[in-house]
Amino acid sequence: MSDNEYGVMATTDTTTPVQREEVRPHPTTQEVFRDLQRYIVPALLSGALSGLVFPPYNLWMLLPVALAPLLIVLRRTVTIRAAAYLGLLFGLVFCSVALHWLHSIFQLGVVGIFILVSACWVLFGLLYRLACHTAPLSRLLLFTPVLWLATEWLRCEGWYFRFSWAQYGLALPGELASTLWPAVGVYGATFLIVLTNAAIALLAAAEHPLRRRLLAMAIGIVCVLGVGITSRWLANDGENDAGPGITALIVQDESGGLHELRSLTLPHAAAKPDLIVWPECAVHDYPLQKPDLLAELQGIARTMKATLVLGCKDAAPNTVQVDGMRRRGMMAAEGHLFYNTALILAPNGEVSGKYYKQYPVQFFSDGVPGRGSGVVPTHVGLLGVAICYDFDYANVVVRQVRNGAELIVVP
């Protein structure tokens, strides 16, 4: 005991232990490689396999096992934050493989887009990791595809930046897709694919004995063989009984010049096509506001004696409702608002109808979203049109078919 500077007796407690900060040792090289093998590599592998099922690779036979490595590694994680990082890593690799073509458009800016798109897989990783601690395996098996579809819907349709590319259900081969899509839709096909991956991941988890891991591998092999055999059987399922078809002339020109498109089209007049389709924005102009340009296009339709569907633009009033990002993009590029348009000309040159693109692509000056989904009567039948990105959303074509469309044209 002693007097302090204020003359008050002070007591020194010598019984209190000294507090020492615990110093965690740095991980050894062996531990780093072990973590890479147990956590990072499976997430990278799953992202790469998932990307390879889409064009131009088309390795759709990987679908039953592509997601399983990510599900397995998410169950191993100790912290929720680690699950989020693994979801982000999966998403970045997945996008880099499946959506590699975006790099040629956005250059380094594609990194930000991939991070934005990967947010849904970060959310999936977080929620799946939480469910692994609370839900029994039987419930987790069904919860996994339900959670995946919820985050997929959010990515594709549930927010402003709709990214509907690269859904598992879209990677099915044509014959199998034509069977599953009418029955369960793209989301239903995705549900079945993720359900198979979830079953394999749960059976192949590290805590299960070797027999179950071998069983999981057998399930994956059977699924791959089953899909392959089914698609081969569908491909050889005899002749279809469709009636007589039409002759279509599909003209593609990267320059988008009217002169080049005309020179590629007119030499085929002797083939007497019933329908001619030019690309989206084939004419980077406004024929409905420029009579001379419209007359030139009508002359091509009359010369070919065919229905001509061509991509162009149509002026939109500045009072039309459109979100701020798209409005600023169009004003900067064109100085006014416009619709990304498919113009339909009859064989006699008359304007049969027009269609406005309903789902303009994000980050582009791609027009005001259209609202109508009408069907245009033509001499080849009731014609429905969906422009490029529209075809990523089933509701456009579904409405047209319900309205009687007999033929869908997709510039």
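How many bridges join strand E8 (residues 376-378) to E9, and do they run parallel or antiparallel? I looked this up first: three bridges join them, and the two strands run antiparallel.

**Ground rules.** I am working from a predicted model, where local features need pLDDT of at least 70 and side-chain atom pairs count only at pLDDT 80 or more, while totals for chains, interfaces and linings use all residues. Residues are numbered from 1 along each chain as its sequence is written, and side-chain values use heavy atoms, with hydrogens and water left out.

**Around E9.** I take strands as DSSP runs of E with at least two residues and helices as runs of H or I with at least four, numbered from the N terminus; two strands pair if DSSP finds at least two bridges between them. E8 and E9 form a hairpin with two residues between them, and I found Thr-378 opposite Gly-381 in E9. On to E10 (residues 407-409): three bridges join E9 to this strand, and here the pair runs parallel. Val-385 has Val-409 in E10 as its bridge partner. I also noted that E9, H13 and E10 make a right-handed β-α-β unit (with the strands pointing away from the viewer, the path from the first strand over the helix to the second runs clockwise). Is E9 mostly covered or mostly open? Strand E9 (residues 381-385) is mostly covered, with four of its five residues buried (under 20% relative accessible area, 1.4 Å probe, protein chains only).

**The five-stranded sheet.** Next I traced an open, mixed sheet in the order E3-E4-E5-E6-E7. Strands E3 (248-250) and E7 (351-356) are at the edges with a single partner strand each, so one side of each has no neighbour in the sheet. I followed E3 to its partner E4 (residues 275-277): three bridges join the two, running parallel, and Ala-248 is opposite Leu-275.

**The largest pocket.** I then turned to pockets (on a 1 Å grid over the protein atoms alone, open sets of points where a 1.4 Å probe fits, with protein on both sides within 12 Å along at least five of seven lines; lining residues have an atom within 4 Å of a point). The largest holds about 570 Å³ of space (the space filled by probe spheres set on the points). Its lining has 18 residues, and Val-186, Phe-391, Asp-392, Tyr-393 and Ala-394 are the closest to its centre. Helix H8 (174-203) and helix H13 (394-402) each supply at least two lining residues, with the largest share, six, from H8.

Definitions and conventions:
Buried means under 20% relative accessible area, exposed over 50%, partly exposed in between (1.4 Å probe, protein chains only).
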